[in-house]
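Please study the sequence and the structure shown below.

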Amino acid sequence: MAWQGEVAAPAIPAPRVGDEPELLAAARAGDPQAAHRLGKLYAQHGDRVAARHWWERAALSGNVDSAFNLGVWHEKHGSLDAAITWYETAAATGDAEAATNLATLLLEQRGDVAGARRWFESAALAGSRAAARRLALVCEDAGELGGAREWHRRAAIDGDPASAHDLGFLAYAAGDDEETVRWWEYAARAGHAESAYCMGLYLNAGRDPEGAEAYFRLAAKSEHPGAASWLGGIALSRGDLRTARAWFEQAANAGRVEDQRMAGFVCVELSDCGAASHWFGRAAAGGDAESAFNYGLLLIAEFGDLAGGRHWFRQAALAGHHGAALELGGLLSVAGELGEAREWLSDPPPPAWAGPAEPELAARAELAAAATGRRGGVPLDVAALTEVLGTWDVVTRPLHDHSDVVGWLVRRSGVHVSAIEHLASVRGTLLRPGSAPWPSPGEIQHVLATARDLRKRLGVR
C-alpha cells in the first residue's frame, strides 16, 4: 500500500478532482470508505493535516488501508510510536505490507529483534517476499542457518535473486556444490551480476575456464568490474593486448587499483606511454607500491623525468618495495647523496611474493574473501590468501608422492611441523569449503608468515 497514488481495490475507487463535496458529505455521515478516499485526495493536494484527520476517522471505523497510510504518515511526519501503533493495527488484520513495515521499524529503530521476527514471519507467511528475505537475514545474524536457508528459499522461489545469491553462498560455505551451482545459476539467469561473477569464479576454481569465461561475460554486461578484470586477464593470456586493455580499463575506471596497474602494463606493451603514465599514476596515487615503482621507471625511461622517477621510487620504497629501494639507492648514489643511498642499498625491504597465481587458486581466494565478508563480516585479504595458496603450490610442485607432504616439507625446510600442519589445514579449508570453519584474519597472517618463511628457507621467490 502507499498513501499517495496507490492503486485501490475496485470497491474503493481512487478519488478524482471534483469528488471532494460528495466525499466530504459521505465521510461526515460516517462512511469509512469515503473518509479514506477523502484522505487520499487531501494527500494528493499536499494537505497532510487534513489527510491525517480523515484517515484517522476511517481507521477508527475499521478501514485497514487508512491504518496503513497513517503508519506511513507518522513514519514520515509524525512519531515513531504512532507509526508503530497504526502499522500494528493494520498488521493485526493480516496485512502483509503493514507487518513488514512494522517489523522493519521494530528492528531498525528499536532494536526489538524478537518483535521484528514475529511480524516478519507473519508477513512472510502471508506471501511477502520482502519479509521472507528480511527474516532470512535475521536468522543468519542469529546463526540459525537452517531457518535462514528456508526463508531465503521462499524469497528466492518467489523471484528474489538476492536471496538466491545468498543461498549460493550459504551452500558454498557448507561445501554443498550442487546447491551452490543451483542458486547462483538461478540468480544469474535473473540478472544478478554478482551471482554470475561468483559462478565464473566457482567454475574457474573447478578448472572449467570456458564455462567461467561465459559467466564473466554475463556479469560484464552489467559492468561488473571484477568480471572485466578476469576477462582482461583471459585476453592477455591469449596475446590479445587491445581487448585486454579495454577490459582492464573498464575495471580500472571503477577504481580498482590492481586493474589500473594492469592497464598500465598493457599500455606499455602497446607503446602507449601516455596512457601507461596515466594508469600507473592513478594507481600509485592510490597507494599501490608496484605501480609507483613502474611509474618511476616510466617517467625516467620515456620522459627523462629524474625528479619524478625519484619521487615515486621513494614512495614505493617507503611502502616496502624491494626494487624501488635499489633504484632509489642508485639514483641517490649518482646524485652524490651517499648516506641515504647506503641506507637503501644496504638494507632494502625484502622482495614481495611474485609467484604466478594459478586461476583456480586466485578464484578460491576471491570466493573465500567474499564469503567471509558477507553480512558485515571482515573479509579475508585476497592477496594474502592467494599468496598462501600459491606458496604451497610452488613449494610442493617437485614432490611426486603427496602421502607425507608435511613431513617432506619439514625435512627440507626445517620449519616446525605444527606450523606446516596449520598452513596445510588452512589451505585445505580454502580449497574445500565446509571442511572446517573459515580461518580468521589472524590465522591468515600467521600462516602467511609460515609461507614466507618456507619460501625463504627453500630459496623460492
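This is a predicted model: local features need pLDDT of at least 70, side-chain atom pairs count only at pLDDT 80 or more; totals for chains, interfaces and linings use all residues.

**Exercise 1.** Describe how helix H18 packs against helix H19, and determine how the two are oriented to each other.

*Solution.* 
Step 1. Two packed helices are described by the angle between their axes and the distance between the axes.
Step 2. Helix H18 covers residues 289–303 and helix H19 covers residues 306–318; their axes lie 8 Å apart, at an angle of about 165 degrees.
Step 3. Angles over 145 degrees count as roughly antiparallel, and H18 and H19 are therefore roughly antiparallel to each other.
Step 4. The crossing of H18 with H19 is left-handed.
Step 5. On the H18 side, the contact includes Phe293, Tyr295 and Leu297, while Trp312 and Phe313 are among the residues of H19 that take part.
Step 6. Sorted by class, this contact of H18 with H19 holds 11 nonpolar, three polar and no charged residues.

**Exercise 2.** Characterise the packing of helix H5 with helix H6, and state the classes of the residues in contact.

*Solution.* 
Step 1. The axes of H5 (residues 80–91) and H6 (residues 96–108) are 8 Å apart and form an angle of about 145 degrees.
Step 2. H5 and H6 cross in a left-handed manner.
Step 3. Among the residues that meet are Leu80, Ile84, Tyr87 and Glu88 in H5, and Asn101, Leu102 and Leu105 in H6.
Step 4. The contact of H5 with H6 comprises 11 nonpolar, one polar and one charged residues.

**Exercise 3.** Which residues of H12 and H14 make the contact between these helices?

*Solution.* 
Step 1. The axes of H12 (residues 193–205) and H14 (residues 225–237) come within 9 Å and cross at roughly 40 degrees.
Step 2. The crossing of H12 and H14 is left-handed.
Step 3. H12 contributes Tyr197, Leu201 and Asn204, and H14 contributes Gly226, Ala227 and Trp230.
Step 4. By class, the contact of H12 with H14 has four nonpolar, two polar and no charged residues.

**Exercise 4.** Which helix gives the most residues to the lining of the second largest pocket?

*Solution.* 
Step 1. The second largest pocket holds about 280 Å³ of space.
Step 2. It is lined by 14 residues, of which Glu140, Leu145, Leu170, Ala371 and Arg374 are the closest to its centre.
Step 3. Helices H8 (129–141), H9 (145–157), H10 (161–173) and H22 (359–372) each supply at least two lining residues.
Step 4. H10 gives the most, with three residues.
Step 5. The lining of this pocket divides into seven nonpolar, two polar and five charged residues.

Note on methods. Residues are numbered from 1 along each chain as its sequence is written. Side-chain values use heavy atoms; hydrogens and water are left out. Axes are lines fitted to C-alpha atoms, for helices over the stretch in contact, and angles run from 0 to 180 degrees between N-to-C directions. Helices (H or I, at least four residues) and strands (E, at least two) are DSSP runs, numbered from the N terminus. A crossing is left-handed if the near helix is turned anticlockwise from the far one by less than a right angle, and right-handed if clockwise. Contact means heavy atoms within 4.5 Å. Ala, Val, Leu, Ile, Met, Phe, Trp, Tyr, Cys and Pro count as nonpolar, Asp, Glu, Lys and Arg as charged, and the others, Gly among them, as polar. Angles under 35 degrees count as roughly parallel, over 145 as roughly antiparallel, 65 to 115 as roughly perpendicular and the rest as oblique. On a 1 Å grid over the protein atoms alone, a cavity is a set of points where a 1.4 Å probe fits but cannot get out, and a pocket is an open set with protein on both sides within 12 Å along at least five of seven lines; lining residues have an atom within 4 Å of a point. Grid points are joined across faces, edges and corners, and a volume is the space filled by probe spheres set on the points.
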